[in-house]
Amino acid sequence: MTNGAWRNMVRAFPARRWLATATAVAGLLALTACGGANTAGSPGASPAPGPGGLLDRAPVATDAELAASPTAAAIRARGQLIIGSELDLPLLSERNSITGETEGFDASLAKLLAKYIIGESSVKIAKATPETREALLQVGTVDAVIRIYTITPQRAQKVAFAGPYLMSGQSIATLSRERSITRPADLNGKDVVAVAGTTSVDALKRVAPEAKIRTFGTANECIQALEAGQAVAYVHDLTVLAGAARLNDKIRVIGEPFTSEPYGIGLPRGDTEFKKFVNDWLGKIVQSGIWEELWKESLGTVVAGQPPAPPQIGSVPGS
């Protein structure tokens, strides 16, 4: 999706929150996610993602499809899918304090994948930060990582990626009163925060090599640092920044995304059968219209217009 197309997708959200972010949030939502801490549901306990009951219509793998992937067969035998994610990413992966359910595009994807493998949405979420997610996959703590995980050739040397399943891009957030930042080059010489271990750090170094970068372990810590005056800007994926701006009137998003970020599902490297299994599942939920409906029930509640076209599976280096 082009930046211009993203601009045309922005909905007239309450002006006091989105007026300053209108252009940037256009790029906002090519995605939503799943997040985690310890557990998010037990066998049969997770409701269908979204009001449309998509889980009820979600596909379930055949015995032959399961037999083609020993990993998928082992997950069904275990009766639970273990996903690396987080619980505090609005619009992506956030735990509902009332229901206890993890909600968002990625969170719902995890439930749909569990349904495909096990026959029900039994998901356990292990906390995965950008600094720990590859290790979690390498040591076998999680079956997959679904957490706005940008596919890169460098990361593909350590883990495998199914997808991509969504596109986003790096953008800039500031406090609403800040007026000196209008473009990436304005970050040169300024204090800027980013989440450690993300593509945001490298992207920031490219567009503003003289920026003074300070990293934190989570998005929430970056927001807190921004509000405390420890930095004038925060760089992250537009979807993350849009979620923050939606909930916090003190934050606004500047400009349009200055990178293209293809999100993939992180998998153990070398397990070609499981990667094919997950890619086949992604193809099914796209072809059935479930991907599009899930987008409407999550990101589409904020972004105007039709859902973006899902990216072609295997279409980016590293996928």
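**Figure 1. The whole chain at a glance.** Residues 24 or more positions apart account for 75% of the contacts in this protein with a separation of 6 or more, where a contact means heavy atoms within 4.5 Å. You're looking at a predicted model, so local features need pLDDT of at least 70 and side-chain atom pairs count only at pLDDT 80 or more, while totals for chains, interfaces and linings use all residues. Residues are numbered from 1 along each chain as its sequence is written, and side-chain values use heavy atoms, with hydrogens and water left out. The protein has 13 helices and 13 strands; these are DSSP runs numbered from the N terminus, with helices (H or I) of at least four residues and strands (E) of at least two. Of its 319 residues, 56% count as buried. Here buried means under 20% relative accessible area, exposed means over 50%, and partly exposed is in between (1.4 Å probe, protein chains only). The accessible surface comes to about 12,600 Å², and 50% of that belongs to carbon and sulfur atoms; areas come from the Shrake-Rupley method with a 1.4 Å probe, and for residues only the protein chains shown count as cover.

Figure 2. Of the 16 residues that line it, Thr152, Gln154, Arg155, Thr199 and Asp202 are the closest to its centre. A pocket is an open set of points on a 1 Å grid over the protein atoms alone, with protein on both sides within 12 Å along at least five of seven lines; a cavity is a set where a 1.4 Å probe fits but cannot get out, and lining residues have an atom within 4 Å of a point. By class, the pocket lining has 2 nonpolar, 8 polar and 6 charged residues. (Ala, Val, Leu, Ile, Met, Phe, Trp, Tyr, Cys and Pro count as nonpolar, Asp, Glu, Lys and Arg as charged, and the others, Gly among them, as polar.) Which helix gives the most to this lining? That's H9, residues 199–207, with 4 residues. The buried residues of H9 are Thr199, Ser200, Val201, Ala203 and Leu204. Their cover includes several strands, among them S6 (144–150), S8 (170–175) and S13 (261–268).

Figure 3. Strands S6 and S11 each supply at least two of the lining residues, and S6 has the largest share, with 3. Take a look at Ile148, which lies in S6: it has a positive phi of about 30 degrees although it is not a glycine. Is Ile148 buried or exposed? With a relative accessible area of 5%, Ile148 is buried.

Figure 4. The structure holds 12 salt bridges, each one a side-chain nitrogen of Lys or Arg within 4 Å of a carboxyl oxygen of Asp or Glu. One of them pairs Asp63 with Arg76, the closest N and O atoms being 3.7 Å apart. Asp63 lies in helix H5 (residues 63–67) and Arg76 in helix H6 (residues 70–78), so the pair ties together parts that are 13 residues apart in sequence. Asp63 is exposed at 61% relative accessibility, while Arg76 is partly exposed at 27%. Another pair is Asp143 with Arg78, at 2.7 Å from N to O. This one links distant parts of the chain, 65 residues apart: Asp143 sits in the loop between helix H8 (133–138) and S6, and Arg78 in H6. Asp143 is buried, with a relative accessible area of 9%, whereas Arg78 is partly exposed at 42%.

Figure 5. Asp280 and Lys276 meet in a salt bridge, 2.8 Å from N to O. Both lie in H12 (residues 272–287), 4 residues apart, or about one turn of the helix. Asp280 is partly exposed at 36% and Lys276 is exposed at 54%.

Figure 6. The bond from Gly163 to Pro164 is cis, with omega near 10 degrees. Pro164 has its place in S7, residues 159–168.

Key: Nonpolar A, V, L, I, M, F, W, Y, C, P; charged D, E, K, R; others polar.
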